[in-house]
Amino acid sequence: MENINTSRRSFIKTTSLTGVGLIIGVSSFAREKHPKNISHTNPNKATVLDLEINPFIIISTDGSIALINPRPDMGQGSTQAAPSLIAEELEVSLDKVRLIQSDGQSKYGSQQSGGSSTVRGLWTSLRKAGAAAKEMLIETAAKRWNASIADCYANDGKIYLKNSDKSFTYGELVDEASKLVVPKNPKLKDPKDFKILGKYNKRLDVPERVTGKAVYGIDIDIPNMVYACIQHSPAIHGKIVSIDDSETLKVKGVLQVMKCERQMPHRKSDAVAIIATNWWAALKGRKALKVTWDNGDLAKTMSTDNYFAATYEAAKKEGIRYEEKGDFNAKFANAKQKLEANYETPFLAHAPIEPECAVVHVKDDGTAEVWAHVQGPDGGLGDVSAALGISKDKIKFNVPLLGGSFGRKAYHDYLNETCFLAKALKKPVKMIWTREDDITQGPYRPGMLSHMQGFVDGGKITGYHHHAIGESIVGQVFNGLAPDESDPWLSGEISTENSKYEFPVSKISWTNVKTDIPIVWWRSVYASNMGWGQECFIDELAQLAGKDPLEARLDLITDARYRKVLETIAEKANWKEKLSAGQGKGLAVFASFGSISACCITVSKNGDGIKIDKVVSVLDCGYYVNPDHVKAQTEGNIVMGITAAIKGGITFTNGVCDQSNFHQYNVMRLNEAPKMEIHIIDSGENPGGVGEPGLPPVAPALGNAIFAATGKRLRKLPFDITNLA
Amino acid sequence: MAIFNLTVNGKKTKVDVEPDMPLLWVVRDFVGLKGTKFGCGMAMCGACTVHVNGEASRSCQIPVSSLAKNAKITTIEGIGETQLHAVQQAWIEEQVPQCGYCQSGQIMSAAALLKTNPKPNDADIDAAMSGNLCRCGTYDRIRKGIHRAADSLQNTNTGSGK
């Protein structure tokens, strides 16, 4: 038997090397000499022992089972997807287990929902966790029956002895089983034997989401809490010159006004908090507050016009090379048939319908409790610990549901603000951002420019250059980009390795144009920007080459999986069908987060604009948990992708955001939602992402469809589809 | 502060709040019903939709003092108290919610629509539901859910099917 301490060390070593703690979900934690008693199950039954088989599975001696979901749910379905991975191998049905959201403690490994990583990141480790526990239960049962392990099997929470009427519930075995060595390489089920994975299952949390019972971040109430509303700097980074709170303090319910700070990952801003007995009073108090701000140079440095002007200037110069095949510049200079174009994508707010909020309680005994709808409680716990100056083990971190996020709630400025107030006030504080805070304060998806160059020869696309220009998330948020370095995230998404386009000559380059406007990842990160330039320009080159856009792409791609995606979209969207006058079809393909998605959109002329007749999306995400999750996420990606093409757009003038609420920052409404059809390719490949990959091809498919229908090539997002004149 | 006597989900309740406080915050923070959501504070998103005398209303824009004395307020918690409302049932069948945050408002708008128009066509649905934003993009399923709920209500009412 391996020594407990040795395996602990190896766990730490492995995690630190890979950065993926869950790589050994069947870690040594179950090998406690005295199984850990988890007190929160069945508190009334003193005789029940709750045993942590491994960090993700708690089986009680009374047979009840709890599984841990290590990825917060923002609508992507992780509360079903993650436990399904365990339940499949453990042979329990999800309606009989209790789900617990992980709390940020390191034993659960990475707990960040993001990068479309839940299923692809946990596919093996959580299944192994379930399979290892099952093998331990089987071994225990076999011993008791004096039978061979091969004669025992698990089904629906029990171990059975073949050819007999004997069985034990997991609860009857768990005490003994938990003392066994955790198998390192438990046998995983053959996918053909899956009962849950890959099958349609209704999500068990839907009933509470349709009855008002689901608890989101904004729904947390704790005794004796005060409410906070925060006056941020209109120019985000302005410094406070003076505060006149005389009218604010007259508002009934307002308790006090205090300076506070908004700690973003890369810098800190001044802010003023209004503390009140209820949030409405705090908001009224904010409206009555007068703050004078010193904005310094922000009028210049926080201007989207200035920013984009700088990107267009950068497009005239050579960028930092990420990859190059052949001498692109020389070939381009001499090419007879060539094209050059700039594609622009705007800054965007995430605008989850639930605004940013948090509840933090710093207690007299030096501990703290937090309720925050973050995408990752592990990172959240670290930030809270730093903000409060309290060690992680003295902080209880609760993660309620996220009312949407799309990347936003992984940026903890709002949580840091709440910590600042809770620390100062020594009372539980509930802080809620207004919609105006959410829209005007960022962080935003960065606006980007794609400078495209290419040439064709003999009816084929033979040269291609994508020069990505704009602010870097790695650079701004993490201060992690060297001046001579191309953004590692961005270049990965637009590399030929990712697109699988085998251009005879190609170049991918990058120029960093900085801005003070705070930015962060937004659903599908740079792919949401870069898909627009890449896939519209491929169509432009195809046209120059006299090629059908589908054929031009197939000419460039030999990768079987990508070809299958293209062939499938052509078939499902009836690419070759004869269209009526004024109709057009456009397609695009983009790979991101380990999956490949293609989109085909059909549009018709409608007065001076167009209307979207239909959207067909194809996704090859390898193995998946639930086809209905995949479809739902792809529907969401279609709506968000079209919204990003034809709505919204954040602009800053003289340092201040020009949009403030949904009357100016428009998002798609139900009457504008097109007919959509989604097809999943069952490739049997390793799981890829689902929450994001459907988005990047949507905007370019629309742009290409508009060109097909109207002859008009659009290169700047957003555009107004009702008026393209 | 002032005392207001409200009827919420059939129950009489007394709150002591400022007269200009919107019904949204009264319901959430003084009556304690958290199902009604805050989204924009200017009637642009519909997350705060409740029924006032059966009519879908944006509770973020209704000062509590403007409510008639006998106003009947219904929230998401009250619409299917004894058994799930047909719209809620349809939402489960169609697996409508993703994050679900806007769905209280969506369901209240849909239920109000079906009360006055038991068999809405797509244009009717567009007109009734376009004030409710869903950032997750569940619109296709919302539309299907409303058609399904309409069918099930019709079957119940005519007794023609289960």
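Colleague: What span is expected for helix α11 of chain A at 1.5 Å a residue?

Modeller: In this predicted model, helix α11 of chain A covers residues 413–425, which makes 13 residues. From its first C-alpha to its last it reaches 18 Å. That is close to the expected value, 18 Å.

Colleague: Why is α11(A) described as largely enclosed by the rest of the structure?

Modeller: A residue is called buried if 20 or more other C-beta atoms lie within 10 Å of its own. In α11(A) the buried residues include A:D413, A:Y414, A:F420 and A:A422. The helix is largely enclosed because, of its 13 residues, the number buried is ten.

Colleague: How many residues does each chain give to the contact between chain A and chain B?

Modeller: Two residues are in contact if their C-beta atoms, placed from the backbone, lie within 7 Å. The predictor gives the complex a pTM of 0.94 and an ipTM of 0.97. Chain B gives 45 residues to the contact and chain A gives 43.

Colleague: Which helix supplies the largest share of the side of chain A that touches chain B?

Modeller: On that side of chain A, α5 (206–209), α6 (279–288) and α19 (627–646) each supply at least two residues. By class, the side has ten charged, eleven polar and 22 nonpolar residues. The largest share is seven residues, and it comes from α19(A).

Colleague: What distance separates the centres of domain 1 and domain 2 of chain B?

Modeller: The mean pLDDT of chain B is 95, and 97% of its residues reach 70 or more. The domain assignment places domain 1 of chain B at 2–79 and domain 2 at 86–158. Taken over C-alpha atoms, their centres are separated by 21 Å.

Colleague: Which element gives the largest share of the side of domain 1 of chain B that touches domain 2 of chain B?

Modeller: The contact takes 16 residues from domain 1 of chain B and 13 residues from domain 2 of chain B. On the domain 1 side, β3 (49–52), β4 (55–58) and α2 (76–79) of chain B each supply at least two residues. The largest share is three residues, from β3(B).

Colleague: How many charged residues are on that side of domain 1 of chain B?

Modeller: The side of domain 1 of chain B that touches domain 2 of chain B has seven nonpolar and seven polar residues. Its charged residues number two.

Notes:
Residues are numbered from 1 along each chain as its sequence is written. Chains are lettered from A and ligands numbered from 1 in the order in which they are written. This is a predicted model: local features need pLDDT of at least 70, side-chain atom pairs count only at pLDDT 80 or more; totals for chains, interfaces and linings use all residues. Domain bounds come from an automatic or database domain assignment. Helices (H or I, at least four residues) and strands (E, at least two) are DSSP runs, numbered from the N terminus. Ala, Val, Leu, Ile, Met, Phe, Trp, Tyr, Cys and Pro count as nonpolar, Asp, Glu, Lys and Arg as charged, and the others, Gly among them, as polar. The expected span of a helix is 1.5 Å times one less than its number of residues. A residue is buried if 20 or more other C-beta atoms lie within 10 Å of its own, exposed if 12 or fewer, and partly exposed in between; C-beta atoms are placed from the backbone. pLDDT is the predictor's confidence in each residue, from 0 to 100.
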